[in-house]
Amino acid sequence: MEIVKGGREMSKYAVVTGNERGIGKALTVDLARQGYDVLVNWFENEQDGADVVRECQQYGVKALLHYCDVREFDQVRKMKEFALENFGPDLQVFVNNAGMSIAGKLIEQDPADYMTVVNTDLIGAMHCAHEFGPVLKDNKAGWFIIIGSCSGIRSTLGNCAYGVAKAGIMGLTRGLAQELGPYGVTVNNIAPGYINTARSAAFCGPEMIAGIKKTQVLDLIGIEEYIVTAMNYLLANPFVSGQTLMVNGGSLMF
Ligand code: NDP
């Protein structure tokens, strides 16, 4: 969807967090394919981030690499300043994708571990909303998309902190949707079920993956492309906001 601002067509650019690999990488490469300039946020693997930049540049768009730990408010602010300096004010799409988990029952877990999970998956998203929400608001258009999880609805035994953080994402989605809606900005949460990325495959292991698959009504293994399709549905539809869109093979029905 083309956006016209003050009589001129806006340049298109997108910021995605945690996009060195996995779902974030797939979303970013697809945005580049659609002609968006993109900011690639590297965290622990600069080389992977540089590879994503090169892949995006093959579509003829501007792609730049920037370090940011989303747990740190000052770094999120610096990422916004970097985006404004290098891409200008016309941010159209922000995808909060960065996420991680540390397995363990809450009652047994080191508090430092559950703090890391919540600080990354929820507080990081709040920092991003605080910094990038006003940029979209000023543009009076755009999309703020958060990658949550079905774990936000159905917490999994041994992964409580992650469920807490992803449940918080649903509250953030609804609250931010109300703050930005009057300015033409939609805010939505895509909540994947199991998606086969390197991280999730290593985290779950074959037995758990087989168990998850049995909870689905569809005989499919989730792939990144299904999340890309969900993002593109949101980008095509200006009448959807404040929602949690579950993409999970029918393993959990709302
Ligand atoms: P990956 O681990 O492949 O990708 C997560 C990305 O987030 C990585 O690039 C990682 O960087 C980055 N990241 C982690 N911590 C930070 C941080 N503090 N600051 C900035 N970036 C950070 O995971 P997935 O692609 O599988 O997951 C992507 C999103 O989808 C996450 O939010 C996850 O919770 C969600 N999700 C995934 C599911 C799945 O089955 N795959 C299911 C449900 C939800 P680095 O590689 O350097 O650590």
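## A first look at the ligand and its helices

Four helices, α1 (22–33), α4 (111–139), α5 (160–180) and α6 (198–215), each give at least two residues to the shell around the ligand; helices here are DSSP runs of H or I with at least four residues, strands are E runs of at least two, and both are numbered from the N terminus. This is a predicted model, in which local features need pLDDT of at least 70 and side-chain atom pairs count only at pLDDT 80 or more, while totals for chains, interfaces and linings use all residues. Residues are numbered from 1 along each chain as its sequence is written, and side-chain values use heavy atoms, with hydrogens and water left out.

**Around the ligand**

- The ligand is surrounded by 30 residues, each with a heavy atom within 4 Å of it; the closest are R21, E44, N97, Y162 and R199.
- By type, the shell holds 10 nonpolar, 12 polar and eight charged residues (Ala, Val, Leu, Ile, Met, Phe, Trp, Tyr, Cys and Pro count as nonpolar, Asp, Glu, Lys and Arg as charged, and the others, Gly among them, as polar).
- Polar contacts are pairs of N or O atoms within 3.5 Å.
- In one of them, a polar side-chain atom of Y162 lies 2.5 Å from a ligand oxygen atom.
- For E20, the distance from a polar side-chain atom to an oxygen atom of the ligand is 2.8 Å.
- D69 has a side-chain N or O atom 2.9 Å from a nitrogen atom of the ligand.
- The ligand taken alone exposes 890 Å², and the protein buries 96% of that (Shrake-Rupley method, 1.4 Å probe).

**Helix α3**

- Helix α3 (residues 73–87) has 15 residues and reaches 21 Å from its first C-alpha to its last, close to the 21 Å expected at 1.5 Å a residue; the expected span is 1.5 Å times one less than the number of residues.
- Its buried residues are V76, M79, K80, F82, A83 and F87 (buried means under 20% relative accessible area, exposed over 50%, partly exposed in between, with a 1.4 Å probe and protein chains only).
- Those buried residues fall within an arc of 160° seen down the axis of α3, so they line one face of the helix; the arc is that of the directions from the helix axis to the C-beta atoms.
- Turned away from that buried side, the other face carries the exposed residues D74, K78 and E85.

- In α2, the buried residues are G49, A50, V52, V53 and C56.
- They cover an arc of only 155° around the axis, so they sit on the same side of α2.
- Y59 lies in the loop between α2 (46–57) and β5 (63–67).
- Y59 counts as partly exposed because its relative accessibility is 43%.
- The C-alpha atoms of Y59 and A32 are separated by 6.2 Å, although the two residues are 27 residues apart along the chain.

Terms used. Polar contact = N/O pair within 3.5 Å; in protein donor to acceptor, adjacent residues only side chain to side chain.
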